[in-house]
Amino acid sequence: APATTNTLRYRLSRRWHAFALQRYYSYRYQTLTGSSFGDVSTCQNESGIYVGASSKAENYVSFAGYIDLAYHPWLRYGYDGASRTFDTYLMLTYQKQDIAAVVRYRYREYAVSDNGSWMPQFAATLDGTAQHTLRFQIKNLNRRWRWMTQIHANYLPTSADYGIAAVQGAGYAGKKRSLWGS
């Protein structure tokens, strides 16, 4: 049974890079020890497209993101028909001297695909699961004294559940010993 992966990397400019990957794994494809890029842990029953880009836009700012669309035409665990996955990720980083700040957003959707469409529904009436994740982190990168603040937020529109967590940490890194508390 066939299985293929095709990639394309392109340098758009000195600061911008793009990457695309197309994959197809037949439902009959079997591998004993192989692994490959994919939505699930097995290289089987999947076709998809992954497109990503990254940039060092300015001296202190960088950006990375991707969109991954996958379609599973045959049954798989947890679904009673063809299914699809939509996964997107965005990250913005700012770093200047000893301070770094990172904002990350991810939306992931698993759903039954009644009409064979790969496109996401972004809806609470989804026949599957969806999750929004937002993370913010700021930290001091000083050689000895360090601190970090993180805020994590999750929202599940299919069940209207959400959660927020905040973490604060500080510490000292000496030549022989270090101490960190959170």
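Modeller: Let's start with a term: a salt bridge here is a side-chain nitrogen of Lys or Arg within 4 Å of a carboxyl oxygen of Asp or Glu. Keep in mind that this is a predicted model.

Biologist: Okay, what's the idea behind such a pair, and how many salt bridges does the whole structure have?

Modeller: Side chains of opposite charge can pair when their charged atoms come close. A search of the whole structure turns up 5 salt bridges. Take Asp68 and Arg23: their closest N and O atoms are 2.9 Å apart. Asp68 sits in strand S4 and Arg23 in strand S2, so the pair ties together parts 45 residues apart in sequence.

Biologist: Is Asp68 buried or exposed? And what about Arg23, buried or exposed?

Modeller: Buried means under 20% relative accessible area. Asp68 has 8% relative accessibility, so Asp68 counts as buried. Arg23, at 0%, counts as buried too. Arg23 and Asp68 are also linked with Glu46 in a network of salt bridges.

Biologist: Which residue forms a salt bridge with Arg84?

Modeller: That's Glu109, with the closest N and O atoms 2.8 Å apart. Arg84 is in strand S5 and Glu109 in strand S6, 25 residues apart. Arg84 is buried at 2%, and Glu109 is buried at 0%. Asp87 and Arg106 meet in another salt bridge, 2.7 Å from N to O. Asp87 belongs to strand S5 and Arg106 to strand S6. Here Asp87 is buried at 4%, while Arg106 is partly exposed at 31%.

Biologist: You keep naming strands. In what order do they lie in the sheet?

Modeller: It's an open sheet of 10 strands, running S1-S2-S3-S4-S5-S6-S7-S8-S9-S10 with antiparallel pairing. Strands S1 and S10 stand at the edges with a single partner strand each, so one side of each has no neighbour in the sheet. On average, neighbouring strands are turned by 10° against each other, direction ignored. S9 and S10 pair over 4 bridges.

Biologist: And the rings: how many aromatic pairs are there?

Modeller: There are 7 aromatic pairs. The rings of Phe86 and Tyr107 have centres 6.1 Å apart and planes at 55°, so that pair is tilted. Phe86 is in strand S5 and Tyr107 in strand S6, and both residues are buried. Trp145 and Tyr172 make a tilted pair as well, with ring centres 4.8 Å apart and planes at 55°. Trp145 counts as exposed at 58% relative accessibility, whereas Tyr172, at 34%, is partly exposed.

Biologist: Which residues form an aromatic cluster?

Modeller: Phe19, Tyr50, Tyr66 and Tyr89 form one.

Notes. Residues numbered from 1 in each chain as written. Predicted model: local features only at pLDDT ≥ 70, side-chain atom pairs only at ≥ 80, totals over all residues. Heavy atoms only, no water. Phe/Tyr/Trp six-rings, centres within 6.5 Å; stacked < 30°, edge-to-face > 60°. Helix = DSSP H or I, 4+ residues; strand = E, 2+ residues; numbered from the N terminus. Buried < 20%, exposed > 50% of the residue type's maximum accessible area, 1.4 Å probe, protein only. Pairing = 2+ DSSP bridges. Axes fitted to C-alpha atoms, helices over the stretch in contact; angles between N-to-C directions.
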